[in-house]
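Please open the structure in a viewer and follow the stops below in order. Each stop names a selection and then describes what is found there.

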Amino acid sequence: MTDYLFFILLGTGAGAIIAAFGLGLVVTYQGSGLVNFGYGAMATWAGYVYADLRQGAYPFPIPGLPARYHFGEDVGIWWAFGLALLTAALMGLLVYQLVFRPLYRAPALAKVVASIGLVIVFTSLIERRFEDNAGLRVDAILPREPVTFTEGVTVPRDGLWLMFIVVLITAAVWASSRYTRLGLATKAAAGNEKGAILLGYSPQRLAQSSFVLASLIGAVVVILASPMIQLSSGVFTFLYLIPALGAALIGAFTKVWPTVITGLVIGLVQSSFTKMQVDFSWFPQYGAREGLPFLVIIVAMVFLGERLPDRGSVEHFRMPAIPPAKVTPLSIIVPVGVAVVGLLVLDPLWRGAIMTTTIATVLALSLVLLSGFGGQPSLAQLAFAGVAGFALSKLAMQWDVPFPIAPILASLIAMVFGVLVGIPALRVRGTNLAIITLAGGVAINEFVFKNPKYVGDASTGGAKVPNPRLGNWDLGLILGDQASRPIFGILLVGVALVLALAVANIRTSASGRRMLATRSNERAANASGVNIARVKLEVFAGSAFIAGVGGCLIAYRFGSVSDASFGTVASLTALAVAYLGGITCVSGAVTSGITASAGVAFYLISNLFDALGQWEVFIGGLLLILTAILNPEGIAGGIRQQVAAAKLKKAKAKQPVRTPIPAT
Amino acid sequence: MKRNNHVRALAGLTVLALVAASCGSDSDSSSDSVAPAGTDAAVEETVADTAPADTEPAGTEPAGTEPTGTDAPAGGEGFIALPPPDGDPIVVGMVNTEGSPGLDFPEISIATQAAADFLNEHGGMGGRPIEMEFCQANGAPETSQACAQELAGKGVELVLLGLDLFPGYDTFTASNIPVTGVLPILPGDYTANALFLGGGNTTTTAAMAAFAQQNFDATTAGIVSADNAGANGTEADLKKALDKAGITYVSIKGGDNETDAGYQGLMSQATADNPDVLFSLYADAGCIGTMRGRVALGIETPVITTAICASAEVIDEVGDDAVGWYFIGSQTEREGTPEAAALDAILESLGFTNSTELGLGGLGVTGLLSLATIANSVADGGEDVTGASIYAALGASDGVVNWPDGNAFSCGAAPTYPTICNFTFPIAGYVAGTGIETVEGFEALDTTDFLP
């Protein structure tokens, strides 16, 4: 038991970071109703500002300005701390005013997309401003001398100090929410926004305050923790944010103490895994550290979640409007024709861009079915695609299962994973469900993609995939001395067309109507006899199957599968791209395919991006945010609205002018 | 050196620093190398006791693995003495990952171009001036494949891979373009249609096992490593190598980025059964954390790790906390040789004063200068120097040597790893007050008998 005490105490620093991030997420959500995936990235920037100030410089975040102002020497701990916190407060203010305030009435997914844009902006900013020393260590701030509890239990003191400080901050936030006017107003607005407005409080101002407070909490903890763990662009951005999301989920994004306690427990338990992995033979060999806490959270949420939503909670996670379904011969012939002609006549680089667009369209179709029609968010689509890709490799290489049986079986395996991740949707919805699917994706990444048994190693050459062949007809991209065969692209277009027609058909079928009914109002659908549970599992299954097909197409294209293609960030990006294209219709999926990274639009403007040089990714992130603000219902939705407005204007212009009857 | 945890997590690049570390090293290091004389008495003893006769691996030594250039620099008088080339240019392509957050290695392209500029003043490739064609991938397979197609369209004769996670091997093969690289990264690289001048993680782990057995007579070991796909693959390789070496082990997995306290926990658990030796597969911050954790806990077990933990950044940070640590792929840095002169000229053109400033750029420098060394051998043999003939000479491994060590390549010496051309490693230890010094008798440790 003494041994376990030792390991648990060693986890206090990590637990404190997770707890503080969870607290920051709760504060943000309480004040603004949104989950800020960019929270860790923002806090990381504040940490870098502190580290740079300790080296005698202040970094400017704007391209074109000088990289930094040089003070000439270390400004000292207090000045550095103060200036870094000031930066964090300003950052919270600006991020809310410039990014989230314009999206105040936008669908929740538009806000998720904007927060993903923030992640891209801040991580690329760190890479640019700290390109020679992105991995920074700063001098100790908290006391580090070891402290002995009992014989054999001597641990560094700084983790305990950090935990104590986080508990103090939590107590202050809790007390403020109970006993101050601002805290009570924020709580009131979270419960009933209209009521708060009637009492004279501005929800936007409350949201702004919550962003500033959360940003300060994140900055304090990252600065204090940076001597214990090397600063890098990814550590606080994702590594601690993801378990913090799980902790906030347990706290229902509203309760500070359950969130903080869960965050601490995650850190302490993860630390004790160091010993458990030796003591218990059943302990998973790979992925347990990050994966097990998420499995527990998913299971807990299945039992803790509510079966039916509160009044208004569907509105709270509002999805973009669904346009009427209309499949015309022209809507098929034009895109398919353009793609096929392009594949046949353009050079290999254009051909590659068309193939990327086609595969991205397939992945976006999976989200159209799940989120657009079914109303269920998912941050795990690329994990499903990866499962199918690796399964295809096993089926085709080890068991010689031929094409097209192998990809179909592989996609069915992805479907099983989709259903498993979708089970919590029976009790959880909206933002909570989005986080749970993220947790599901993380669990798949941890337990499947990290295991050499499933993904291969050097002795197997990784996870290879043979060319697709129908009898003697090879449909592969590369054959003999042909490095880019159009036939493979045509195969991709054919598969995408079949799936697009299937999704469009679902939209107009009885199943589609049940999905739309569930999406619109679960209570009403339930009352009308719709089996909500079945509908939800159907959309998760169908969506994961389509994503699995996408994963197989990726595998066939590159002849091998790598976990690097299917990570959590890839899933977030896929959702962002699909949403921006238009997540409620098939044409939106095609639009998102066109705008996907390395797709046709990307290739078209690559010369412009070249001119942007090292700031390309930073500006790409800004454009993502801007596009979300300008087209909160997606590009396809924006185009649709403009076309409708133009038609209305034309119709009005055609109406005869009524001559007013003169008064007598 | 630029830090990048993402890509290391992705690809398990635990050996990249060996290239930078080997830059500027002397091929004649065996006579000058100094055994580590740190404060760790147990380690001192094991190093001092090492006898050359004991360092010979059992079994048949593959043809061509005997160092051939220990007394003569790889290029005779070296590149410095050669005149500018005057033949037709040879176009060499390089795919490198740049521009994405977490995946940005421009230093490789920059250093490679500097090496090409240097060679264009000093012999080129077998008398042919070098034209570099660079293509930037962004870490996604789509862009790697597009780069392969782009370079094929530009008619490159030979490819030297930079840091490319998803090389478009099939595209290059279909276009009849030979592909070379310095280090394999992902598992697929080990069986691709390509040749690698260095060994990568698999040979590094074999060297770890061989060194533990031959230098420490180890029969028990502890392993600490991160729980990510790349590190898990490397750990699996290490376990197989330890099985071959007859060493039993306990493996402890930690997070990708632990706190310093977390690293203490890992080191504590890995030494719970008092093993003969420890292996650490951590890189960057993990090197610092595990080194400090070992000292904080008073652990005296020697630790074997990769050259990435011997980087100047790590050593500057931990100082003498690195006593008792051994680094696969590192060796004593020397001056006054033709290779050092060539490197100095390249460093000067980049505005650097120390080879460690090259960072991952060392991949490009050693890669291109090794290819030029091979090309010069081809020219000396009276053959036409082309991409294909350079590749064929490397593949045949008939007396061609690497730069800067002058060790003979031995492509195909291990049939399971047909792409690997180098199976030997120098091994160094940290010496208090002095720094990294080659361990006597381990200037070129052969790993073939320990490969999984």
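A crossing of two helices is called left-handed if the near helix is turned anticlockwise from the far one by less than a right angle, and right-handed if it is turned clockwise. This term will be needed at a later stop.

The model is predicted, and its scores are ipTM 0.82 and pTM 0.83.

**Chain A**

Begin by selecting chain A, in which there are 30 helices and eight strands. Its radius of gyration is 26 Å, close to the 26 Å that the globule rule gives for 664 residues, so chain A is as compact as a globular protein of that length. Along the principal axes, its C-alpha trace spans about 95 × 75 × 60 Å. Of the 664 residues in chain A, 57% are buried. Among contacts in chain A between residues at least 6 apart in sequence, 78% join residues at least 24 apart.

**Confidence in chain B**

Turn next to chain B and colour it by pLDDT. The average for chain B is 81, and 82% of the residues score at least 70. Then select residues 1–76 of chain B, where pLDDT stays under 50. Where pLDDT is low, the predicted coordinates should not be read in detail.

**The sheet of five strands**

Select β1 to β5 of chain B, which form an open sheet with the order β2-β1-β3-β4-β5 and parallel pairing. At its edges stand β2 (130–137) and β5 (195–196) of chain B, each of which pairs on one side only. Which helix packs on this sheet? Helix α7 (residues 141–153) of chain B does, touching β1, β2 and β3 (158–161) of chain B, and its direction makes about 155° with that of β2(B). Strand β1 (residues 90–97) of chain B runs parallel to β2(B), and eight bridges join the two. One place to look is V92(B), whose bridge partner in β2(B) is M132(B).

**The sheet of seven strands**

Now select the open sheet of seven strands in chain B, which has the order β7-β6-β8-β9-β10-β12-β13 and mixed pairing. Its edges are β7 (248–254) and β13 (435–438) of chain B; each has a single partner strand, so one side of each is left without a neighbour in the sheet. On average, neighbouring strands of this sheet are turned by 25° against each other, direction ignored. Helix α9 (residues 200–216) of chain B packs on the sheet and touches β6 (220–226), β8, β9, β10 (325–328) and β12 (427–431) of chain B.

**A helix crossing**

Select helix α6 (residues 106–119) and helix α15 (residues 361–380) of chain B. Their axes come within 7 Å and cross at roughly 30°. The crossing of α6(B) and α15(B) is right-handed. Residues making the contact include A111(B) and A115(B) of α6(B), and G364(B) and L368(B) of α15(B).

**P178(B)**

Finish at P178(B), in the loop between α8 (169–174) and β4 (179–181) of chain B. Is P178(B) buried or exposed? With 22 other C-beta atoms within 10 Å, P178(B) is buried. Leaving aside neighbours within four places in sequence, P178(B) is in contact with L158(B), V159(B), G387(B), A388(B) and Y391(B). The C-alpha atoms of P178(B) and A392(B) are separated by 9.1 Å, although these residues are 214 residues apart along the chain.

Conventions: Residues numbered from 1 in each chain as written. Chains lettered and ligands numbered in written order. Predicted model: local features only at pLDDT ≥ 70, side-chain atom pairs only at ≥ 80, totals over all residues. Helix = DSSP H or I, 4+ residues; strand = E, 2+ residues; numbered from the N terminus. Rg over C-alpha atoms; globule rule 2.2 N^0.38 Å. Buried ≥ 20, exposed ≤ 12 C-beta atoms within 10 Å, placed from the backbone. Contact = placed C-beta atoms within 7 Å. pLDDT = per-residue confidence, 0-100. Pairing = 2+ DSSP bridges. Axes fitted to C-alpha atoms, helices over the stretch in contact; angles between N-to-C directions.
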